Amino acid sequence: MFCQTTPLGSSCLDMWREKNDRLVRQAKVAQNSSLTLRRQQLAQDALEGLGGLLHSLQGLPAAVPVLHLELTVTCNFIILRASLAQGFTEDQAQVIQRGLERVLETQEQLGPRLEQGLKELWDSVLHTSSLLPELLPALHRLAGLQAALWLSTDRLGDLALLLETLNGSQSGASEDLLLLLKTWSLPAEELDAPLTLQDAQGLKDVLLTAFAYRQGLQELITGNLDRALSSLHEVASGLCPRPLLVQVYTALGSCHRKMGNPQRALLYLVAALKEGSAWGPPLLEASRLYQQLGDTTAELESLELLVEALNVPCNSKAPQFLIEVELLLPPPDPASPLHCGTQSQAKHVLASRCLQTGRVEDAAEHYLDLLALLLDSSEPRFSLPRSHPGPCMPELFLEAAVALIQAGRAQDALTLCEELLSHTSSLLPKMFRLWEDARKGTKELPYCPLWVSATHLLQGQAWVQLGAQKMAVSEFSRCLELLFRAIPEDKVQGAASNCEQECKSDMALQQLRAAALISRGLEWVASGQDTKALQDFLLAVQMCPGNRDTYFHLLQTLRRLDRRDEATALWRRLEAQTKGPQEGAIWSLPLYLESYLSWIRPSDREALLEEFQTSLLESCDL
């Protein structure tokens with residue numbers, strides 16, 4: 001840009017300022033436009049204009065009379081660029097750095113400072129600004145953008161030091177970022193200053209809200225509920241945008257639920273639902289609250305509404321060409337109570353809760369809907385479990401088969417099991433080698449033997465329901481054959497790893513073996529073959545000593561076979577276990593296996609022990 005007057009003359013300065021003001025007004029027109037393409041084009045043109053103006057200003061030697069305008073243009077350029085990109089980038093940090101260097105150039109202090117980082121540059125510039133008070137408003141705006149960039153990239157230590165310097169303190173004593181943000185004192189803006197897209201006060205408000213929200217959510221995840229409440233109340237009482245307010249109220253509801261205040265939790269969740277259309281998080285949290293209260297009907301209704309809500313496309317609002325709170329928030333954390341996942345994940349929560357609460361007909365329908373949804377949307381992967389939340393596809397098939405059997409739809413369960421076997425059986429010949437690799441730590445622990453064996457177990461139970469005893473025994477035997485053949489007994493002996501995942505797998509294997517042996521033993525009992533049943537129950541006790549159900553089935557069989565001494569010894573052992581402290585399960589089992597084990601559990605174990613004691617005393621009296 002060329003001026004007829006000197007580079008620092010009022011003519012040039014007025015022209016540069018006029019261009020800045022015109023481009024800011026253009027961006028604000030774009031912000032209010034309802035036409036997406038026009039809005040985008042106007043904003044992009046304004047961004048290019050601001051970039052060109054900044055390039056022209058920085059092409060001249062740095063001079064104090066022009067620097068206030070130059071820093072204002074720098075801020076407008078960064079704000080518009082970050083809002084259009086919906087995030088900060090490294091080149092924006094470089095724009096900030098160049099602005100700081102220009103300030104130092106006016107004081108001829110730049111030479112040895114070129115190698116300094118942004119933090120050191122800020123120290124130098126803010127020290128210099130005491131000599132140039134007219135630059136303070138623009139520098140505080142630029143500092144607000146620096147703070148936003150550092151907050152979005154989790155450089156909280158640098159942010160704290162910057163705020164201390166802005167507040168005139170170098171003690172480093174305060175670690176409370178929220179307090180530092182609150183006490184950040186902003187210089188007054190001149191009435192005739194160049195136009196800005198966002199002033200320092202607006203940036204400060206955004207920073208306060210974003211940091212308080214981030215802090216509150218982190219405290220909620222880590223269980224520091226009192227501190228979480230304090231931070232979240234800070235957000236709710238500030239200039240919080242409505243979409244974020246839904247999440248804040250949901251988080252407050254989660255806090256109060258965990259603190260044992262269900263009524264207050266419910267009030268916040270109702271407020272969250274009234275605030276906007278982002279109903280997913282509050283509905284999921286409501287289902288947790290009702291589950292905690294034991295209101296199964298309300299819990300399942302909330303989950304059904306959640307599935308429907310996640311099916312509605314989310315209308316994302318157009319960006320405001322400002323630094324907004326959402327711009328400074330991290331991506332959704334799966335550990336966060338506000339993460340409601342996808343529609344299929346919500347559908348699985350609904351189906352599994354129906355199964356767990358005994359609403360088996362509903363569970364069966366929900367599982368079939370879920371499988372249809374997954375199979376239609378993408379190619380299902382029959383592979384090892386990943387780190388994503390929820391079960392993998394084979395486990396969904398097994399859960400669905402359990403629900404169908406429990407709902408009395410054995411034939412449908414058999415069809416589903418055959419579908420699963422068609423995808424997994426071909427992998428079995430490779431299992432022994434995979435187990436060896438897993439023992440050496442070279443591969444993930446394979447789950448295919450569990451899935452295939454469990455599928456045959458469920459097929460056996462479906463045949464039991466259909467009255468086909470021979471087919472049922474055959475399937476139970478096939479399950480056991482696969483478990484003993486594909487998985488070596490000593491697979492963990494001498495292994496270097498004892499990770500949680502491997503221990504969970506071992507527990508599932510033990511319980512699966514016990515389930516198959518008990519199931520086959522019960523079929524022998526039904527056909528009057530108690531001797532064969534005794535063999536299976538004895539083997540189940542040996543294979544899975546932690547499964548108390550096997551002892552009760554064994555006790556009943558010993559009684560029927562009139563093996564009184566063995567039955568008495570086993571009864572005394574069970575009596576001692578009942579009176580002593582009960583050992584809880586160390587690892588949770590897959591839902592399909594938990595459900596199956598509940599089917600083969602003796603209905604009233606305590607009554608059985610009392611009945612045996614009575615018969616024992618009677619025989620002693622004789």
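Is Asp562 buried or exposed in this model? Asp562 is exposed, with a relative accessible area of 55%, where exposed means over 50%, buried means under 20% and partly exposed lies in between (1.4 Å probe, protein chains only). The model is a predicted one, in which local features need pLDDT of at least 70 and side-chain atom pairs count only at pLDDT 80 or more, while totals for chains, interfaces and linings use all residues. Residues are numbered from 1 along each chain as its sequence is written, and side-chain values use heavy atoms, with hydrogens and water left out.

View 1. Asp562 is found in the loop between helix H24 (548-560) and helix H25 (564-579), the helices being DSSP runs of H or I with at least four residues (strands are runs of E with at least two), numbered from the N terminus. Although Asp562 is not a glycine, this residue has a positive phi of about 60°. Arg564 forms a salt bridge with Asp562, and the closest N and O atoms of the two are 3.8 Å apart; a salt bridge here is a side-chain nitrogen of Lys or Arg within 4 Å of a carboxyl oxygen of Asp or Glu. Arg564 has a relative accessible area of 42% and is therefore partly exposed.

View 2. The structure holds 26 salt bridges. In one of them the side chains of Glu566 and Arg563 meet at 2.8 Å, N to O; Glu566 is partly exposed at a relative accessible area of 40%, and Arg563 is partly exposed at 32%. Salt bridges that share partners join Glu70, Arg98, Glu101, Arg102 and Glu105 into one network. The side chains of Arg227 and Glu219 also meet in a salt bridge, at 3.5 Å from N to O, with Arg227 counting as exposed at 52% relative accessibility and Glu219 being buried with a relative accessible area of 10%.

View 3. A pair of aromatic rings is described by the distance of the centres and the angle of the planes. Rings of Phe, Tyr and Trp (its six-membered ring) pair if their centres lie within 6.5 Å, and planes under 30 degrees apart count as stacked, over 60 as edge-to-face and the rest as tilted. By this rule the count comes to two aromatic pairs. Tyr249 and Tyr268 form a tilted pair, with 6.0 Å from centre to centre and 35° between the planes. Because Tyr249 lies in helix H11 (residues 242-258) and Tyr268 in helix H12 (residues 262-275), the pair ties together parts that are 19 residues apart in sequence. Tyr249 counts as buried at 18% relative accessibility, and Tyr268 counts as buried at 17%.

**View 4. The aromatic pair Tyr596 and Trp599.** The ring centres of Tyr596 and Trp599 are 5.2 Å apart and the planes stand at 45°, so this pair is tilted. Tyr596 and Trp599 are three residues apart in helix H26 (residues 591-599) and are therefore separated by about one helical turn. Tyr596 is buried, with a relative accessible area of 1%, whereas Trp599 counts as partly exposed at 24% relative accessibility.

**View 5. A negative surface patch with residues from H14 and H16.** Asp295, Glu301, Glu304, Glu308, Glu361 and Asp362 form a negative surface patch, a patch being made of residues with over 30% relative accessible area and no salt bridge, with like charges joined within 9 Å and nonpolar side chains (Val, Leu, Ile, Met, Phe, Trp, Tyr) within 5 Å. Helix H14 (296-311) and helix H16 (360-377) are the elements that give two or more residues to the negative patch, and H14 gives the most, with three residues. Glu304 has its place in helix H14 and counts as partly exposed at 35% relative accessibility.

View 6. Cys479 is found in helix H21 (residues 469-486) and counts as buried at 0% relative accessibility. From C-alpha to C-alpha, Cys479 and Val452 are 7.8 Å apart in space, and the two are 27 residues apart in sequence. Asp154 has its place in the loop between helix H6 (136-152) and helix H7 (156-166), and has a positive phi of about 60° although it is not a glycine.

Terms used. Accessible areas come from the Shrake-Rupley method with a 1.4 Å probe; for residues, only the protein chains shown count as cover. Lys and Arg count as positive and Asp and Glu as negative; His and the chain ends are not counted. The place of a charge is taken as NZ of Lys, CZ of Arg, CG of Asp or CD of Glu.
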